[in-house]
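Here are my notes on the model, as numbered points. Please read them with the structure open.

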2 protein chains.
Amino acid sequence: MITNKKLIECVPNFSEGRDKGKIEKIMDSFRGKNGVKLLDYSADESHNRLVVTIVGEMEPVKNAVIEAMGTAASIIDMTKHTGEHPRMGATDVIPFIPVRNVSMTEVIEFSKEVAKEAAERYNIPIFLYEKSATSPERENLATVRKGQFEGMAEKLQQPEWKPDFGSDKVHPTAGVTAIGARMPLVAFNVNLSTNNKEIAAQIAKNIRHLNGGLRFCKAIAIDLSDKGIAQVSMNMTDYTKTALYRAYELIKIEARRFGIHPIGSEIVGTIPMEALIDTAVYYLGVENFTMNQILETRLME
Amino acid sequence: MITNKKLIECVPNFSEGRDKGKIEKIMDSFRGKNGVKLLDYSADESHNRLVVTIVGEMEPVKNAVIEAMGTAASIIDMTKHTGEHPRMGATDVIPFIPVRNVSMTEVIEFSKEVAKEAAERYNIPIFLYEKSATSPERENLATVRKGQFEGMAEKLQQPEWKPDFGSDKVHPTAGVTAIGARMPLVAFNVNLSTNNKEIAAQIAKNIRHLNGGLRFCKAIAIDLSDKGIAQVSMNMTDYTKTALYRAYELIKIEARRFGIHPIGSEIVGTIPMEALIDTAVYYLGVENFTMNQILETRLME
């Protein structure tokens with residue numbers, strides 16, 4: 001009834017958040033395309049950046065993104081670009097995310113096809129990052145982008161920073177692009193019964209991967225002074241391996257030693273159904289549950 | 001990308017569970033029809049009954065069901081039908097369930113259209129039941145079907161049992177059919193840390209609507225002697241008003257007085273995504289969550 005096609009999500013970031021005309025020209029590549037659904041887009045003036053979220057079938061998504069890269073390369077001049085957000089290219093970064101009937105391995109392969117085709121067509125140097133990375137130091141986007149557009153000319157001369165595809169020379173106006181496959185991010189924040197940010201910071205430190213906590217959990221402390229509370233703000237980078245309920249229960253446990261507890265939480269943006277189904281199944285102790293029992297899963301077959 | 005159409009579920013029950021040829025003739029109405037998706041069907045020999053589950057758009061579902069009613073009326077002879085399950089017609093009962101972009105009011109209206117059209121075309125007496133019922137005593141299917149096929153001739157002569165549509169006389173071979181709109185049922189069973197069925201029965205009694213418990217919860221005790229445990233077996237008749245977690249937590253509370261606790265649960269068959277999302281949102285204390293944050297909801301827009 002709905003679709004048994006392979007669906008992927010794509011969240012391309014472009015270095016233009018101010019010029020409405022240019023923003024619309026880029027958006028044209030994502031509107032009214034068969035097999036491509038535009039979920040969301042937002043242009044930020046201070047970041048001077050456009051973030052687009054689309055979902056669709058692999059070929060149509062590939063064509064739309066490559067077309068948009070061409071438009072961005074032709075209308076954005078990075079030598080004149082200013083903005084708070086770190087950036088290295090007119091099309092700065094393109095993550096691809098598996099959504100339905102497609103494996104991470106397939107999406108990694110797909111991301112490399114897109115990178116190869118885009119590099120050849122526009123002569124833009126492209127780095128593969130995240131799960132598509134060809135070496136450990138290229139996994140983290142921040143590391144790849146270090147030096148930003150202005151520093152790329154020199155960076156690309158270093159043998160360890162030879163681009164994965166395209167020219168060894170920075171594109172004079174379009175710069176450099178990072179392309180890769182990753183899992184969907186879930187932004188999950190837990191509010192604490194305290195306004196003490198130090199306590200929130202200690203809890204964040206104890207539960208996050210960086211300091212010995214959960215493998216696919218990034219966490220920082222946030223001061224919600226307007227609400228008079230402190231918050232543990234998390235990015236769950238693979239909810240299929242680090243479940244939301246595990247992070248939540250761990251925060252509860254860590255909070256005890258401070259005589260506090262979670263008083264609520266928030267999920268920012270979209271979240272895959274399975275991340276919350278998994279949590280419900282845990283708390284209700286449901287045995288032998290499969291996603292095929294979800295009516296909507298059957299509808300999407 | 002997927003559908004913004006109005007989707008309903010339909011679970012027609014036919015009084016033929018033995019004759020493969022006749023079963024296939026009935027199933028033909030549900031196969032390869034545009035806008036109709038066959039989710040499941042099962043024929044039970046001892047019940048001598050065929051239960052079909054389809055989802056689809058309203059018009060195609062209406063056409064498929066009315067066509068199947070005609071086939072059933074032409075090949076099933078209720079004067080020769082035997083089986084354990086109570087029944088009153090060749091097409092015994094047809095529940096319609098709202099699935100997407102459709103209100104219960106619309107589905108009730110729709111069920112009456114189907115009943116009217118089927119009654120006129122096949123001259124079969126039809127009772128509206130559940131949310132489509134035209135009087136309180138017609139809400140419960142068991143009450144409507146009381147007397148079964150053999151007792152319908154006499155029952156229909158009673159003024160209070162005048163059919164809502166069609167002839168006042170039982171169809172000689174196809175009998176009588178009940179048609180109505182209802183919420184999706186969720187079959188949710190909770191296993192207890194005891195093999196004492198009496199305790200399970202007491203807990204079931206305390207939580208179910210019948211005895212003063214939760215409004216949309218039916219519950220009985222089951223003896224799972226093979227597993228050496230007792231179970232509270234529930235039918236949640238409106239998960240949007242009586243949440244699964246509420247029934248589960250109430251069982252926990254009632255279990256305490258017996259010094260026992262839930263050791264697991266099971267969900268039988270399909271369940272709407274929202275019933276479990278709602279439960280996860282409760283346990284994680286997520287504030288201001290909307291179903292539009294679920295990626296799959298966006299895909300189905």
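1. Basis. This is a predicted model, in which local features need pLDDT of at least 70, side-chain atom pairs count only at pLDDT 80 or more, and totals for chains, interfaces and linings use all residues. Residues are numbered from 1 along each chain as its sequence is written, chains are lettered from A and ligands numbered from 1 in the order in which they are written, and side-chain values use heavy atoms, with hydrogens and water left out.

2. Domains. Chain A is divided into domain 1 (7-181) and domain 2 (186-296); such bounds come from an automatic or database domain assignment. The C-alpha centres of these two domains of chain A are 30 Å apart.

3. Helix H8 of chain A. Helices (H or I, at least four residues) and strands (E, at least two) are DSSP runs, numbered from the N terminus. Helix H8 (residues 273-283) of chain A is largely enclosed by the rest of the structure, because eight of its 11 residues are buried. Buried means under 20% relative accessible area, exposed over 50%, and partly exposed in between (1.4 Å probe, protein chains only). Among the buried residues of H8(A) are A:Met273, A:Leu276, A:Ile277 and A:Tyr283. In chain A, the buried residues of H8(A) pack against helix H7 (244-256), strand S11 (262-268) and helix H9 (295-299). In chain B, they pack against helix H7 (244-256), helix H8 (273-283) and helix H9 (295-299).

4. Chain interface. Contact (heavy atoms within 4.5 Å) joins 46 residues of chain A to 48 residues of chain B. The area buried between the chains is about 4100 Å², of which carbon and sulfur atoms give 69%; buried area is the accessible area (1.4 Å probe) that two parts lose on being put together, summed over both. The side of chain A that touches chain B has 27 nonpolar, 10 polar and nine charged residues. Here Ala, Val, Leu, Ile, Met, Phe, Trp, Tyr, Cys and Pro count as nonpolar, Asp, Glu, Lys and Arg as charged, and the others, Gly among them, as polar.

5. Salt bridges. A salt bridge is a side-chain nitrogen of Lys or Arg within 4 Å of a carboxyl oxygen of Asp or Glu. A:Lys20 and A:Glu45 form one at 3.9 Å, N to O. This pair links distant parts of the chain, 25 residues apart: A:Lys20 is in helix H1 (residues 20-27) of chain A, and A:Glu45 is in the loop between strand S3 (36-44) and strand S4 (49-57) of chain A. A:Lys20 is exposed at 56% relative accessibility, and A:Glu45 is partly exposed at 47%.

6. Helix H3 of chain A. A:Lys116 and A:Glu120 form a salt bridge, with the closest N and O atoms 2.9 Å apart. They are separated by about one helical turn because they are four residues apart in helix H3 (residues 104-122) of chain A. A salt-bridge network links A:Lys62, A:Glu113, A:Glu117 and A:Arg121.

7. A:Thr194. This residue lies in the loop between strand S8 (186-192) and helix H6 (197-207) of chain A. A:Thr194 is buried, at 12% relative accessibility. Leaving aside neighbours within four places in sequence, A:Thr194 is in contact with residues including A:Ile199, A:Gly228 and A:Ile260.
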